[in-house]
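Hello,

Here is the structure I promised to hand over. Please open it before reading my notes.

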Amino acid sequence: MTAEGQGVGKTDEGMTVFVRGALPGDVVTAELTKVKKRYAFGRLLFMEEPSIDRTDGFCTYEDCGGCPYGKLTYEKQLALKENHVRETLARLGGVAEPEVRDIVGMETPYHYRNKASMPVSTGGIITRKGGVVENIGDPAVGFYRAKSHDVIDCGTCGLQSPAAMMAAEALRRFMDEDNITGYDPKWDKGLMRHLVVRTAFGTGEVMVILVINGKGIPNVAKLIEYLDDAVASVPESEGGPFSLESVYINVNRGKTSEIYGDRTENIAGKRTIDESIGNMRFEISPMSFYQVNPWQMEELYSKAAEYAGLKGGETVLDIYCGAGTIGLWLLEDLKKKDALGDTEVIGIESVKSAVLDANRNAVINDMVNARYVCGRAEEELTKLLCKDDKSAKAGQEKEAGQDSETSDDVGLHVDHADVVILDPPRSGCDASVLEAVAKARPERIVYVSCDPATLARDVKILGEAGYDFKEATPVDMFPWTGHVETVCLMSRK
Ligand SMILES: C[S@@+](CC[C@H](N)C(=O)[O-])C[C@H]1O[C@@H](n2cnc3c(N)ncnc32)[C@H](O)[C@@H]1O
């Protein structure tokens, strides 16, 4: 099965066929819709023999593309993901029989997402005589149909936080009552584009980001009141009540498939929400990355701490550090063992608000030995490690009020690293980053990845640069989807 949810089968003649809706173990009759030289695509016609791993699932929105693994038993999902990691490391990473530990699954794999990004649509808008603009249909707030940009109106979702679904209901009601238009991508008209809800499950705090194609939302105070009541109404049995602590507007104009535009404005409440996890507290701003599954985040970070194997006194680089969470977790782990000593963490992150969060998170968690650089790892890592003290000089120039090489250059300089944490986006690490990491000659590299294919590619590059693959542990951060997170340990040859 592909991560996007297409069953991969064979015809009786042995040709590979991709069929949406077919699961591993199903025997189906499919109509071939597109035939290439070596493979074909098919449309499922009849289920001849259902797979033993098939379930009815928990969702009634059959067309929603959010859960491509929605009809597989949870055990089978885990087995497929673990196998995918093992097979990809061998095939693309060139690791013979890679040591892949048992995947870490969830006990209750529901309502785990702390961030819901829900597109809004009213089925288009029309302009009546006299210039009155009206929605064609009712407001829909939900998720895209598989392989399309049609919005399926979802009242419930087994993956999302109940606070997010209640906020969606509040937005529907407000749009309906106040005739607020939904964005129509065909004509690039209409106001509401996306509703993004971030839920801090540990503290109950909620942030709402209203993405609009316009300057503002008429009567927005009423919408805030609806949202406030809606998230507070989640019953205790569903993890509630939650409390709306922060509301933003993000302006995204023009035809684009990006969710966010450039301008983000805080219109009510705090600028960040607080989350607590284990002993730690983190502040999160709207544009900062934060792991979407807080329960599995603990498992992921604990495994990263185990692989980092810190004893105290090391220099750790936390590259692609987001709001600083992994590096601070490692420091906290040492603190608990009374071994913190002068261990230092230096984080690199390209999103400025995340770096500001990281600095605050270090303070909140009482860590004086964590520092952060804002910029692209491709440029900042070599500056950080350069031997000629260029970056330190840039920092001094900045202090003296002169221009530095980059505005965010804080003049940090390290002459070595003992452990490097890499946690890049899906595209993996740029080759220049891997080269610089290998030159820093850390004992260990802990690579956290959300895409086995780019992880395997980078494992191969690091292998050629002097690092042995030791082992990997997949962690299921995204039940019912085809995605899997992996923590991987490499050590110097
Ligand atoms: C998968 S997230 C990991 C964040 C963090 N380690 C965590 O566990 O929450 C990847 C992070 O890399 C940042 N990023 C993306 N491209 C980058 C680049 N070229 N240089 C530095 N940071 C980058 C993103 O903004 C994001 O915060």
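Below is what I found, taken one site at a time. Keep in mind that this is a predicted model.

The UniProt entry, which is unreviewed, annotates Cys-450 as "active site". Cys-450 sits in a loop. Strand E20 (444-449) lies on one side of that loop and helix H10 (452-464) on the other. A residue needs 20 or more to be called buried. Leaving out residues up to four places away in sequence, Cys-450 touches Arg-426, His-483 and Glu-485.

Next, Leu-78. This residue belongs to helix H1 (residues 74-91). Leu-78 is buried, because 21 other C-beta atoms lie within 10 Å. Setting aside neighbours within four places in sequence, Leu-78 is in contact with Ile-103, Gly-105 and Asp-476. Phe-242 is 164 residues from Leu-78 in sequence. In space, their C-alpha atoms are 31 Å apart.

Last, helix H5 (residues 325-336). Its twelve residues, at 1.5 Å a residue, should span 16 Å. Which residues of H5 are buried? They are Thr-325, Ile-326, Gly-327, Leu-328, Trp-329, Leu-330 and Leu-331. After H5 comes Asp-338, with a positive phi near 60°.

Best wishes

Notes
Residues numbered from 1 in each chain as written. Predicted model: local features only at pLDDT ≥ 70, side-chain atom pairs only at ≥ 80, totals over all residues. Helix = DSSP H or I, 4+ residues; strand = E, 2+ residues; numbered from the N terminus. Expected span 1.5 Å × (residues − 1). Buried ≥ 20, exposed ≤ 12 C-beta atoms within 10 Å, placed from the backbone. UniProt positions renumbered as here; feature names shortened; annotations may be inferred. Contact = placed C-beta atoms within 7 Å.
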